[in-house]
Amino acid sequence: MVNVGFIGGTGVEGRGLALRLAAAGVPVAIGSRSEARAAAAAAEYNSALGQPLIRGVSNREAVVFAEIVFLTVKFEQTTAAIESCRDALVPGKLLVDVTIPVRFEHGHPVYAEPAGGSAAEFLAERLPPGVPLVASFKTMPAKLLADLHSELQCDEFVCGDSQEARGRVIDLVRLIPTLRPVDAGALKMARVIERMTVLAIQLNRSHKRDGARFTVVGI
Ligand SMILES: NC(=O)c1ccc[n+]([C@@H]2O[C@H](COP(=O)([O-])OP(=O)(O)OC[C@H]3O[C@@H](n4cnc5c(N)ncnc54)[C@H](OP(=O)(O)O)[C@@H]3O)[C@@H](O)[C@H]2O)c1
């Protein structure tokens, strides 16, 4: 089984993903800028799991531990987060970007297009050589992920320019029950997927829900 680490694993999206993956039997380390905060979060996640499955470490140690590294910080914090772990991001590792660049105008979510066309493309340009970036879990609501009793019953888009790297993430998605991986092709499809999340945020707001997500019919 592949080891998975989280840069910024103490937040809500990191929590949900760490719980789902650990429950599926994946070895997980959650990282933080503070080891104490990571340890406290891991203790809380393990209590939710009922087993001591997740370790809490520094962001850098989480990268060292993992073959697949999730970047689960706000888009504005991604550059600092990557810089703090750059020396540990070596060939053989793969970064999964879940970030959505969004701002709110008069209570409505607006896509804040980064240089490069999408957050995923912006970040891919800033990784060390030999470390591929795959965009996934961008449309997955954190609260739903964290509720282990809820069935996800939706699709998970996976895009990236390396077919081999996409395949590794697709294999990981497949481990989570009731979630179907969908190979969405090249990284530039993140321009569409990130905007779909903005739509989901708007739908959640207008319908006073928190679980809007996507299923593709016909494939
Ligand atoms: N929430 C959702 O439903 C959802 C759905 C899809 C995608 N996403 C994406 O998931 C990502 C994480 O969202 P979230 O709501 O989980 O975020 P969050 O709770 O605000 O933050 C995640 C973690 O980022 C770390 N962090 C904060 N400032 C940092 C900095 N300057 N440098 C490095 N790390 C820093 C913090 O960890 P420490 O303080 O412990 O270091 C924090 O726990 C976002 O990009 C979001 O767009 C969220």
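Predicted model: local features only at pLDDT ≥ 70, side-chain atom pairs only at ≥ 80, totals over all residues.
Q: Where in the chain do R174 and D171 lie?
A: Both lie in helix 7 (residues 163-174), three residues apart, about one turn of the helix; helices (H or I, at least four residues) and strands (E, at least two) are DSSP runs, numbered from the N terminus.

Q: Why is R174 called exposed, and why is D171 called partly exposed?
A: Buried means under 20% relative accessible area, exposed over 50%, and partly exposed in between (1.4 Å probe, protein chains only). R174 has 53% relative accessibility and therefore counts as exposed, whereas D171, at 48%, counts as partly exposed.

Q: How do you know that R191 and E121 form a salt bridge, and which parts of the chain does the pair link?
A: The closest N and O atoms of R191 and E121 are 2.8 Å apart, which is within the 4 Å of the definition. The pair links distant parts of the chain, with R191 in helix 8 (residues 190-207) and E121 in helix 5, 70 residues apart. R191 is partly exposed, with a relative accessible area of 35%, whereas E121, at 14% relative accessibility, counts as buried.

Q: Why is the ring pair of F6 and F70 called stacked?
A: Rings of Phe, Tyr and Trp (its six-membered ring) pair if their centres lie within 6.5 Å, and planes under 30 degrees apart count as stacked, over 60 as edge-to-face and the rest as tilted. The centres of F6 and F70 are 5.0 Å apart and their planes are at 20 degrees, so the pair is stacked. F6 in strand 1 and F70 in strand 4 are 64 residues apart, and the pair thus links distant parts of the chain.

Q: What makes the pair of F70 and F137 tilted?
A: The ring centres of F70 and F137 are 5.8 Å apart and the planes are at 55 degrees, so this pair is tilted. Ring pairs link F6, F70 and F137 into a cluster. At 0% relative accessibility F6 counts as buried, F70 counts as buried at 0%, and F137 counts as buried at 1%.

Q: What makes a set of residues a nonpolar core, and which residues have the most contacts inside the largest nonpolar core?
A: A nonpolar core is a set of buried Ala, Val, Leu, Ile, Met, Phe, Trp, Tyr and Cys residues joined through side-chain atoms within 4.5 Å. The largest nonpolar core has 36 residues, and those with the most contacts inside it are F6, L21, V28, I30, I54, F70 and F137.

Q: How do you know that the buried residues of helix 4 line one face of the helix?
A: The buried residues of helix 4 (residues 78-85) are T78, A81, I82 and C85. Seen down the helix axis, these residues fall within an arc of 95 degrees (taken from the directions from the axis to the C-beta atoms), so they line one face of the helix.

Key: Residues numbered from 1 in each chain as written. Heavy atoms only, no water. Salt bridge = Lys/Arg side-chain N within 4 Å of Asp/Glu carboxyl O.
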